[in-house]
Amino acid sequence: MAKRTPKNEEQTSDEQQLAPKPTSLFFTDSEDPDSYSLQNQFAENLEFRLVRDRETVTPQDAYKALALSVRDRMIRSWIRTQREYDKRDVKKVYYLSLEFLMGRLLGNALTNMNFRDECKTIMKSLGYDLDEIRDIEHDMGLGNGGLGRLAACFLDSMATLELPAFGYGIRYEFGIFKQEIENGNQVEYPDNWLRYGSPWEVLREDLTYRVKFGGRVTNYTDDRGHLRFSWVDTEDVLAVAYDVPIPGYDNNTVNSLRLWQATATQDFDFKAFDSGDYLGAVEGKSATETISKVLYPNDNTAAGKVLRLKQQYFFVAASLHDIIGAYKKLHKNFSAFPNKVAIQLNDTHPSIAIPELMRILLDEEGLTWDDAWHITTNTFAYTNHTVLSEALERWSVSLFEQLLPRHLQIIYEINHRFLKMVHTFYSENDPIISRVSIIQEGDQKYVRMANLAIVGSHSVNGVAELHTKILCSELFNDFYRLHPHKFNNKTNGITQRRWLKKANTPLADLISSRIGDKWVKDLSELRRLEDFIHDQAFCDEWRIAKNLAKQRLIEYIYIQNDYETRINPESLFDSQVKRLHEYKRQLLNALHCVWLYNKIKDNPKGDFVPRTVFFAAKSAPGYYMAKNIIKLINSIASVVNHDPDIGDRLKVFFLKNYSVSLAERIIPASDLSEQISTAGLEASGTGNMKFQLNGALTIGTMDGANVEIREEVGDENIVIFGLLADEVAALRSHYNPWEHYNNNHDLKRVLDMIRDNYFSRHEPGIFQPIIDSLLRDGDRYLVCADFAAYIEAQERVNTLWRNHDEWTRKSILNTARSGKFSSDRTIMQYADEIWKVKPVRIV
């Protein structure tokens, strides 16, 4: 860090009065750069980078200067980490993900680097509150939900565990959209998180790669007589790297998240400009840079499909060139590549990396097919995140021919050789041949990306025990029978640094006051809390910490959502916060809200457990049914919250613009965690783990990681209801939702109220599609079938809540038994069993 220039000896008296004093917030001239405190660095950044002083500083300036100062403190460790990896020539893991839902970075960095108290003092000296300054930061919302948040937790764990790792993704200019609620409807607005730049990222101009699209393939014979291929006449895009530091907790490791931005190879067409075509002069640049413009373009249109595939190949191609470039600095040939490089595909989105690596090895490096395939299959591992067959990506062959003609050739060859192997076990007419083929035949041919990922990887893992069982027995059973050794389970996890130590400081401090802070790096330490479940003083403090979180959420809701409705902090806080999808069954929760409303209306003087129900979710912009459910929830809330008969006994809120930062407020405040997906359809879920870690009890189906949470906490500390996964499968062939409607008076009453516009008097018929989906169209997600069991389970919850001491003990036990669900445990399993990478201590 550069020192300030010494003061001019001829300063005027006025200038001397304005100059910072040695005892002020600003650093002195005589200090050595190595001795600068964080306070000194803050002062320097405020003055020299932002051109501000104590009199002109704004809260935005204070945030930027603080973030830059914290980042600067990472720099030497960041450089040292990367240098040590290269010096030791260690095997590295590269995590390829189209999503990284990072949230805000400042708070996480302060936690991992133990700077919170020091920064709190610095902000206080300027008259600011650190938490308010942290809230200025825009969420880095480069993800849609659990997939991207899992990737972010994994990065934190890899750095904390000192694993040599890189994340690779796209630097979307616009992340997941900003959600507003207008007349009860979701309305999407751009999420321009980079409007004022990001103080965390570092532009790596030297890491710029050319990515090709389109063109044609030619062939020739090389000097050894081998047939070779060239991909020519392409339209090219430049991928420019931006690095974000990922600090580990309480160590010197700083790994990198490398994000690619698309730029044009030619910014300006002078010929078009000179001819008067001013828009055309920049049209090529604009079209090129659309690739990294927005997260998940709507692919319901042909143009959207083109852009989506371009995004996937763009970041994969740039990442592989970067990985290979780093490898070739230390190695003369590719014989050691799988021993030095592990690449994890986070779902099918990056699976185009398999033919891309083959293309590079064959066409650019001159390897034989067998050698290239050996390297490729021993390098890649694939994580599946869905059991919904319609969610498994596939791209039309015609689109591949248009965008990636050479890759299509390679995919056909991979498929030919793979099916030739399959034929050694099965006859040519066996149906398994068409099921496992990478190419889906028909009038319109498709490339099945999940099949490609399985064939081209040495490991295929599910993300919960039940999910992996379904993959092996149902979804990918054919592949499992062919290659059972490839399949394994890695139950998801979450980072306790963000989701407890940072998000719920009062509870984290209480825990540490009793058992120490080893749990921050070893979550199994929380088991020691079981010694305090009968300690009345501890239980009282536990409730106080929970109430502080509730008050914090209430204050946020009043400020951000402009609600006039009073929220009862003594009520049961019942939360369902996650991506809006029919299989997650936010609709079932909404029906329960109407049922509760009816119960109170029928008996206004009755004794009811007061309950506040929180929803927060974003629907995909083109997902009409999900958006209609959001409208229904808001319509129910409008009626319930303004009915004087209901009072404080029931309130319903849909909190807009769900994000990582909002989750950090809702989850610590919640008493009850709604994990009510149709059994067999949720791969894992990680929200369930975050709620459990913060002491919420779970009401849920035997789905995803709920199964394992139940195993950990015990039947008496979780509320399970509904059909099991095998019962769901067995029921589908003869399921009739009308039987439940006609035989369950409560269900019929609730649905009739919705149908008859009780919650939509000014918009009659608006919710008819929801009723049709449940009755006329077969109730695909078995909402009617599980309604009665869900109501009964909620009554069990009410009974438990009435005994506050017992509820508190169950809350403590849920936290105490959450140790399995740390992402540290998950990552160590990946490292030991799939990647074969070892920790590297940075001193």
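**Reading the fold, then helix 12**

The protein exposes about 34,200 Å², and carbon and sulfur atoms supply 48% of that area.

Colleague: I'm new to this one. What kind of model is it, and how many helices and strands does the protein have?

Modeller: It's a predicted model. The secondary structure comes to 34 helices and 24 strands. The radius of gyration is 28 Å, close to the 28 Å the globule rule gives for 843 residues, so the protein is as compact as a globular protein of that length.

Colleague: How much of the protein is buried?

Modeller: Buried means under 20% relative accessible area. By that cut-off, 60% of the 843 residues count as buried. As for contacts between residues at least 6 apart in sequence, 76% join residues at least 24 apart.

Colleague: And the charges: how many side chains are positive, and how many negative?

Modeller: There are 103 positive and 117 negative side chains, with the centres of the two sets 2 Å apart.

Colleague: Which way do residues along a helix point?

Modeller: An α-helix has 3.6 residues a turn, so residues three or four places apart point the same way.

Colleague: Is helix 12 enclosed or open?

Modeller: Helix 12 is largely enclosed by the rest of the structure, because 11 of its 12 residues are buried. Among them are Glu 356, Arg 359 and Asp 363, along with Ile 354 and Leu 357.

Colleague: What follows helix 12?

Modeller: Gly 366 does, with a positive phi near 75°.

Terms used
Residues are numbered from 1 along each chain as its sequence is written. This is a predicted model: local features need pLDDT of at least 70, side-chain atom pairs count only at pLDDT 80 or more; totals for chains, interfaces and linings use all residues. Side-chain values use heavy atoms; hydrogens and water are left out. Helices (H or I, at least four residues) and strands (E, at least two) are DSSP runs, numbered from the N terminus. The radius of gyration is taken over C-alpha atoms; the globule rule is 2.2 Å times the number of residues to the power 0.38. Buried means under 20% relative accessible area, exposed over 50%, partly exposed in between (1.4 Å probe, protein chains only). Contact means heavy atoms within 4.5 Å. Accessible areas come from the Shrake-Rupley method with a 1.4 Å probe; for residues, only the protein chains shown count as cover. Lys and Arg count as positive and Asp and Glu as negative; His and the chain ends are not counted. The place of a charge is taken as NZ of Lys, CZ of Arg, CG of Asp or CD of Glu.
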